[in-house]
Amino acid sequence: MKRIVLYTICLLCCINLNAQEYTPTQANLENRAWFQDAKFGLFIHWGIYSVLGQHEWVMETEKIDIETYKKIAPFFNPTAFNAEEWVLMAKDAGMKYITITTKHHDGFAMYDSKISDWDIMDRTVYKKDILKELAAACKKHNLKLFFYYSQLDWNHPDYYPRGTTGKSAGRPANGNWENYIDYMNGQLSELLTNYGDVAGIWFDGWWDKKEANWQLDKTYKLIHSLQPAALIGSNHHLTPKPGEDFQMFEKDLPGENKGGFVVNLKLVAYP
C-alpha cells in the first residue's frame, strides 16, 4: 500500500450542556473544557480503499458491490506504517489530539474486531492492529485519541431497511435492524475497552437513515458507562441530541448554512 492520505482538521465546536436526561460526569466536563481549548488536531481517513488510490466513498461513487470490493482487502499491506512517526508529526505541528477512522461506511474494521472477520486482522496480509500501536504512541507522547465510527454500514446484512446510500452493494433485501444495533454496540464496546483511554467517539452516518430507531440513548449510555470521560459527537448537522457532548460543523461554519446541510440547527455552548 503506497498511498496514505492524512487530513488535518481544525474542528470548530460548541459544547452541549443542554441535553435532557443526561448528566455528564466530572471527568467528562473536564474533557469538554480541554477540547474547547485544544482546537487543532489530526483527522486520519484510512482504510482498504487506499489500495485503489481513492477516497473512503469509492465503493459508493464507483458503484462497487461488496463481494467485488472485498477482493481489495488482501492487497492492503502498509508495511511502512509507523505509529510513533505519525504521532510525533502531529505533536510537532502543535496538534493536541488525533481522530482515526476505526470503521468507515464500507464496514471494514481497522482494528482486531472479535465479533467480525471483516477487519484488518482477518482479511489482510498485514495482520497487525494499527489502533493498538497508535493508542500506545498517543499515550507515550501525551496526545489524546478519538475514534471515528460509521453508524452507516454498506457491508453488514442487518443494516436494513437500506438507507439513502449503498444501494449498489448487492446485499440481500432483508435483515434484522436490532441485530445491527447490537453489532454496532459490540464493536464500540471493543473500541472502548481494548485501547486505553479514548477521548471521544466521532459518529458519522446517522443521516443515512434519519427516521430509523437508532436507539441512541442505549448506545450513548454504553459509551459513557465504559469511558465516563469520553466525548460523543455526531456528524448530523442538527442540534446535539441527548447524550452528545460536542457539536460538529463539517463542510460549514457555526451559524452558517453555505453547504445546505443544516436544518433547524441550534448552536449550544458554554454559558
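Reader: Is Asn31 buried or exposed?

Author: First, the ground rules. This is a predicted model, where local features need pLDDT of at least 70, side-chain atom pairs count only at pLDDT 80 or more, and totals for chains, interfaces and linings use all residues. Residues are numbered from 1 along each chain as its sequence is written, and side-chain values use heavy atoms, with hydrogens and water left out. Buried means under 20% relative accessible area, exposed over 50%, partly exposed in between (1.4 Å probe, protein chains only). Asn31 has a relative accessible area of 6%, so Asn31 is buried.

Reader: Which residues is Asn31 in contact with, leaving aside neighbours within four places in sequence?

Author: Contact means heavy atoms within 4.5 Å. Asn31 touches Lys144, Ala199, Ala229, Ala230 and Leu231 on that basis. Asn31 sits in helix α1 (residues 26-38). Helices are DSSP runs (H or I, at least four residues) and strands likewise (E, at least two), numbered from the N terminus.

Reader: At what angle do α4 and α6 pack?

Author: Axes are lines fitted to C-alpha atoms, for helices over the stretch in contact, and angles run from 0 to 180 degrees between N-to-C directions. Helix α4 (residues 83-92) and helix α6 (residues 130-140) pack at about 45 degrees, axes 8 Å apart. That makes α4 oblique to α6. Angles under 35 degrees count as roughly parallel, over 145 as roughly antiparallel, 65 to 115 as roughly perpendicular and the rest as oblique.

Reader: Which residues of α4 and α6 meet?

Author: Ala83, Glu84 and Val87 in α4 meet Glu133, Leu134, Ala137, Cys138 and Lys140 in α6.
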